[in-house]
Amino acid sequence: MTLPAHPLDLTGWIERIRGRDMPVFGRTVESLRTLLSDDRVSASTLAQVILKDAPMTAKVLRLANSAFFNTSRQTVSTVSRAIVVLGFNPVAQIALSVSLIDALLSGGVRGRAEAEMARSFHAAVQARWAAAKRGEGHGEEVFIAALLTRVGEMAFWCFGGDQARSLDGLLAQGRMREEDAQQVVLGFPLRHLSAGLVREWHLGALAQAVLEGQSRGRNGEQAVLLGHRLARASEQGWDAPPARQAVQALADYLELPFAAVLDAARANAAEAARIASSFGAPAPPAGAAASAGSGPAQADPAAPPVGVADPHLQLHILHDVAAMTLAQAPLDDILQMVLEGLYRGVGCERVLVARLSADRSELQGRAAIGSGAEALAASFVFSMDGEPDDLLDAAIDSAQGCWLTPSRAAQPGAERLLKVAGSRHAYLAPFGTGSRQVGVFYADGHGRALDEAGWHAFQHFVLQASLAVGLSLQGQ
């Protein structure tokens, strides 16, 4: 077989995958990494990053409601609530892994890429369980590290083109060890590509330590290594010698009986099939999952599309907002949950919350969700001049909301809002106490006409925000 020359070295492959094949993942990683590295970042900021991507939002919520991640079994209806129940870092790490899998799937996963992805999920579930049994904590960090340890292999098989086909052909002959074949075709082993991508994307010290051979049996590193060994060995069947040896190694690590670890490993394989399905990824190979007695994993129903009202979801989110209000959660987090209710529950396509400046002279956009949300929030800045006909001034002064329609938009007072938001179909309402409004909520259908049911639902959510402001002021 004729093998191509090495057109790209390791640095070239890292640059290609980062810049051409998976640029969206790189941007998401940067956003999430910035949040994870800053202790001052609020939960609402993380929620906004996730909510920018509707498919990611649906998967994060599906996973946040799974028994695997949500051990308290509390129902989670919003990203904001998921952060409260699971914690800031676990939700950020789940979002990171969702983004990775989506980016890889966009490359047309098949064959060896599918096997690598499924094996990585299996290893991740086994590693997380092992770390928990050892009492090491940080289960989500171990899960993500195990999932990412072979990110280079997964990316190469998704985007490798001619060289991936050449390597596939060489491996199919069965005459060379996997790493030797990689060296022949690429000039380097794919584990070096994994290590390079983990460094480039700053995907965590744990994954980097495992890939660079720094494991000393602590901080979950050994759990990751044993999880991968077990996942690969089990593909030949749980009764085959490689699987039994891998189970014994895990049993020794955990200081547990072989039979107990084998039973748990089989159950973990079935769990891995369900988790992979929730991510939209392939399930572990038949040898691992079938022996565990698992059938095809069924993904939960997808979230309703943007722009479609969901009265059932509205009730759930209003309940969560009320619970957060009574618990005196940070006001910004409550306002973020209200935004999410307007966006996902009421079905508005752009939603924004604006607050009055300390001297009440200016209304400033604080957070927004939907198409062009960041630009809308940045431009949503208005001086409060006290013009009685102006929609924004009137809302603050009268504490009354307004349902903007084309006929109302044609009357005096709508000019400033139309210039910034550009929609003649919108809801606008102030929130605060009876004597002191502190800001406004704005929502529109991005040009689509709105209805009366939406207007009533919008007002319910704004009322909850006002109650939260009232309790917040009482506590000062």
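Gln328 is exposed, with a relative accessible area of 57% (exposed means over 50%, buried under 20%, partly exposed in between; 1.4 Å probe, protein chains only). The model is predicted: local features need pLDDT of at least 70, side-chain atom pairs count only at pLDDT 80 or more, and totals for chains, interfaces and linings use all residues. Residues are numbered from 1 along each chain as its sequence is written, and side-chain values use heavy atoms, without hydrogens and water.

Gln328 sits in the loop between α18 (311–326) and α19 (331–345). Helices (H or I, at least four residues) and strands (E, at least two) are DSSP runs, numbered from the N terminus. Most residues other than glycine have a negative phi. Phi of Gln328 is positive, near 55°. Glu255, also not a glycine, has a positive phi of about 60°. Glu255 lies in the loop between α15 (241–254) and α16 (258–279). Its relative accessible area is 70%, so Glu255 is exposed.

The protein comprises 24 helices and six strands. Its C-alpha atoms fill a box of roughly 85 × 50 × 35 Å along the principal axes. Of its 476 residues, 54% count as buried.

Asp21 belongs to helix α1 (residues 10–21). Asp21 is buried, at 15% relative accessible area. Its side chain makes a polar contact with the side chain of Arg16 (3.1 Å). Such a contact is a pair of N or O atoms within 3.5 Å; within protein, one must be able to donate a hydrogen and the other to accept it, and residues adjacent in sequence count only if both atoms are side-chain atoms.

Asp389 is found in the loop between β3 (381–383) and α21 (391–398). Asp389 counts as exposed because its relative accessibility is 53%.
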